[in-house]
Amino acid sequence: MIPNLNLPQDAVDRPMAAFVRDYADGQTTGRHRHARVQLLYALRGVMRITTDAASFVVPAGRALWVPAGEPHSVAIVGAVAMRALFLRADAARAGPEGVAVLAASPLLRELILAACEEPLEWDEHGRGGHLAALILEEIRRAPSLPFGVPEPREPRLARMAAALRDDPAIPWSLEEWAAHVGASPRSLSRLFRAETGLSFGAWRQALRLAEAAALLAQGVPPARAGAAVGYASAPAFGAAFRAAFGMTPAGVQGMRGG
């Protein structure tokens, strides 16, 4: 059974409540869920959040929207300063329906920090109420980013996915993977599309770029990050990264926070 983490922020009689916690490198939360929507934001470090359907790499400067009741776990890469918001159902209408990585504007970052200074039962007609209204407006305007990678569940695909997460640079073709896991290339291709909605090539690229984003957020130079996940040249990596995320690899490093 998946436990509910019952925090005061889940029950306070306000549209939203802030949560502050710092984590050490390597910490994990275990699989859990919350009664309210969460907006997870890291001032520094990288969060890896896994749901039943996908995994998400969330570097500093990005936020993850997790719907109420959504089972998930959080793994910490580097020291993470987490600042989160718990949103009541009425306030949660400002955000997306499903799990999503959001591009947090500089204004949203400062609003989250300001909300963390408020008491749980903030003044609805004072500073807390004004902050909440602005936060919801910024959430409405925040674009979603493709930092999520669908999680295949079929055993052979899961073995491939685990191996590629350990080493995204493995250069094997689908035919080589098929021989490795004991399936035909045609079967693997069909299963990847059925389980992830992507071709194997598109899924592997999404994984590689997400893992590269995690490296960049830890300060790894772009050329080294691209090579570590399997790109033969820095220009090819930069072009793929910009096409996927709408920003340069160096832009991710500029969001590392402090």
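Predicted model: local features only at pLDDT ≥ 70, side-chain atom pairs only at ≥ 80, totals over all residues.

Colleague: Which residues of α6 are buried?
Modeller: L188, L191, F192 and T196. They sit on the same side of α6, because they span an arc of only 105° around the axis.

Colleague: Why would residues a few places apart point the same way?
Modeller: An α-helix has 3.6 residues a turn, so residues three or four places apart point the same way.

Colleague: What do the buried residues of α6 pack against?
Modeller: β10 (148–150), α4, α5 (174–181) and α7 (200–217).

Colleague: Take α4. At what angle do α4 and α6 cross?
Modeller: Roughly 85°. Their axes come within 10 Å. The two helices are therefore roughly perpendicular to each other.

Colleague: Which residues meet there?
Modeller: From α4, R156, L157 and M160. From α6, L188, L191, F192 and E195. That contact has five nonpolar residues, two charged and no polar ones.

Colleague: New topic. How many residues does α6 have, and how far does it reach?
Modeller: It has 12 residues. From first C-alpha to last, α6 reaches 16 Å, close to the 16 Å expected at 1.5 Å a residue.

Colleague: And what follows α6?
Modeller: G197. Its phi is positive, near 80°.

Key: Residues numbered from 1 in each chain as written. Heavy atoms only, no water. Axes fitted to C-alpha atoms, helices over the stretch in contact; angles between N-to-C directions. Helix = DSSP H or I, 4+ residues; strand = E, 2+ residues; numbered from the N terminus. Parallel < 35°, antiparallel > 145°, perpendicular 65-115°, else oblique. Contact = heavy atoms within 4.5 Å. Nonpolar A, V, L, I, M, F, W, Y, C, P; charged D, E, K, R; others polar. Expected span 1.5 Å × (residues − 1). Buried < 20%, exposed > 50% of the residue type's maximum accessible area, 1.4 Å probe, protein only. Arc of directions from axis to C-beta.
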